[in-house]
Amino acid sequence: SEFLLYGSQTDELGGEFWADGRMTGIELRAASSAAHTYGLPRVSAEAFTAGRNAFRNTLWDLKARGDRAAAEGVNHFVLHVYIHQPDERPPGVNTWFGTEFNRHNTWFADLGPWIDSLRRVHGVLQAGRPAADLAYFIGEDTPRMTGPLLPAPPTGYDYDFVNADALRHRASVADGSLVFPGGSRPRLLVLPPQDTMRPETLERLRDLVLAGAALFGSPPARSPSLAGQPAADARVRALAAELWPTPAAPGVFAHHRLGAGHVFQGPDLAPALAALALAPDVADAPLDLLWAHRTDATGDVYYVSNQADTPLTAAPVFRDAAGAPEFWDPVANTRVVLPEHQATPAGTRVPLTLAPRQSGLLVFPRTASLLSSGRSVNFPATTPLTTLAGTWSVEFSPAFGGPGLVEFPSLLDWTRHPDAAIRTYSGPATYRLTFDAPASVPAGPVFLDLGQLHGQARVTLNGRDLGLVWCAPWRVAVESALRPGPNSLELGVTTPWLNRLLHDATLPAESRLTHLTEPGRIPAKSQPLPSGLLGPVTLQTFAP
């Protein structure tokens, strides 16, 4: 059979993606397309399956892959994999697959803030309905996963795959769009580049076009089935003659009306979209900006993700958006109104500045927002107030093979430290420093910026837990805990297991701190990872 039909038979469907990027484009689109055409609100994924990269990934390493999955339509992760740990030898029982979401992993105890950020995004993306403009018919050959994206969707248009079952039994037409109950409402149906179609499917397409649907593709010439032959082939040719009374020559664009609908033929989709007056859903966006659009009676939501390891600055136009947008940051758990936006004939232009791998939700409510911005620009830059200098007290846990309490006159990569116990250390280390706050701190947000960090850090200032820093922009708001004069800062930095595992591989079994059931997961030629806090650590505020 084919994947979309499998999806129609389940209440909870899902795809899969790997931490190293494999399987993203096939399994996720198959799952989300099935959900979008069969009206299922939740699209799961077996998330962060892994190959030979065990115990080296941090939450930062996983971020872009997880955000890409959300842009592909996934809105619920099933984390892969959690394994029962029957004893206390770390990292413990492992497998040849999966990211190690196990209790002996170094960062397991601090998964909460990361999971909360996923839940915020996924909760919003489970609401409303998807807003893809294009539906690619996968054809009727089996076995079939998804169809070819031919012609390719132009930049700025999202798509779903659709099968014959959904077209024949679920699709209707309203206001020129195909309507799948509880799901998407694509404006253009694209046929696969093949010359076969069952007569009952082609007859349904003819009826949808008569009702107002728009169809792109070339006429089929025969049925793929032996059933009802030779009458089936004759019926296909007769229906094709209705839909394509004068087929276009190869490479030539053609457009004609049939009933209330449109039939297009040609080498690419751009002329058809222009004839439908359908502008890009997101225009003027760089390739590194991935997005997904959902809509309901309360407004429109565009999920945006910077996939690059560098900051992204752009001013995309969002076609279906109107009014003042809000930016919901799932990591910081903040919502702010963006004061900079401009209505254009093609939609609302919104200047964006996203940190490396940053993602968030642009929300366009249909009623005026009750939030207050307090900003003059959408994403104000920060400026340093002071750099935290002095000797850091750093405690490396003996339980993880560390030397206990040491002093760092300056911040450095652990792998460059003269002490071998620090060079090969993996796990938690606590940095402590007492510093004086600047004499004059402006009103408004004050951030502790950690600069360069290899790992993640839980920030405690003057005894108050301010949260986990695990991704760019590598900072946390501290104005609620900052006080005049001396301040006591504590950073709980955690790194993955790899460096200690590489070291233990050189030791006799009885001298090793760690134990793996699948030691082959660690490639023999692996190099140690940079580790720890490199800084500079600064207090910052928004630039005036």
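Gln342 has Arg349 in strand S22 as its bridge partner. The model is a predicted one. Strands S21 and S22 (residues 347–349) are joined by three bridges in the antiparallel sense. Both belong to an open sheet of four strands, ordered S14-S18-S22-S21, with antiparallel pairing. The edge positions are held by S14 (282–283) and S21 (342–344); each has a single partner strand, so one side of each lacks a neighbour in the sheet.

**Aromatic pairs**

The number of aromatic pairs comes to 27. Two of the pairs are set out below.

| Pair | Centre distance | Angle between planes | Class |
|---|---|---|---|
| Tyr302 and Phe364 | 6.1 Å | 85° | edge-to-face |
| Trp392 and Tyr431 | 6.0 Å | 75° | edge-to-face |

Tyr302 sits in strand S16 (residues 299–306) and Phe364 in strand S24 (residues 359–365), so that this pair links parts of the chain that are distant, 62 residues apart. Tyr302 and Phe364 are both buried. The rings of Tyr302 and Phe364 count as edge-to-face because their planes stand at 85°, over the 60 degrees required for that class.

Trp392, in strand S26 (residues 392–396), and Tyr431, in strand S28 (residues 428–436), likewise link distant parts of the chain, at 39 residues apart. Trp392 has a relative accessible area of 2% and is therefore buried. Tyr431 is buried as well, with a relative accessibility of 0%.

Elsewhere, one aromatic cluster is made up of Phe17, Phe48, Phe77, Phe101, Trp107 and Trp114.

**Charges over rings**

Two arginines are placed over aromatic rings. Arg29 lies over the face of Tyr159, 4.0 Å from the ring centre. The charged end of Arg475 is over the ring of Phe447, at 4.4 Å from the centre of that ring.

**Arg198**

Arg198 is located in the loop that runs between strand S10 (188–190) and helix H6 (199–211).

Apart from neighbours within four places in sequence, the contacts of Arg198 are Glu140, Ala164, Arg168, Ser223, Pro224 and Val236. With Glu140 there is a polar contact between the two side chains, at 2.5 Å. Ala127 is 71 residues from Arg198 along the chain, and the C-alpha atoms of these two residues are 36 Å apart.

Methods:
Residues numbered from 1 in each chain as written. Predicted model: local features only at pLDDT ≥ 70, side-chain atom pairs only at ≥ 80, totals over all residues. Heavy atoms only, no water. Pairing = 2+ DSSP bridges. Helix = DSSP H or I, 4+ residues; strand = E, 2+ residues; numbered from the N terminus. Contact = heavy atoms within 4.5 Å. Polar contact = N/O pair within 3.5 Å; in protein donor to acceptor, adjacent residues only side chain to side chain. Phe/Tyr/Trp six-rings, centres within 6.5 Å; stacked < 30°, edge-to-face > 60°. Buried < 20%, exposed > 50% of the residue type's maximum accessible area, 1.4 Å probe, protein only. Lys NZ or Arg CZ within 6 Å of the ring centre and 35° of its normal.
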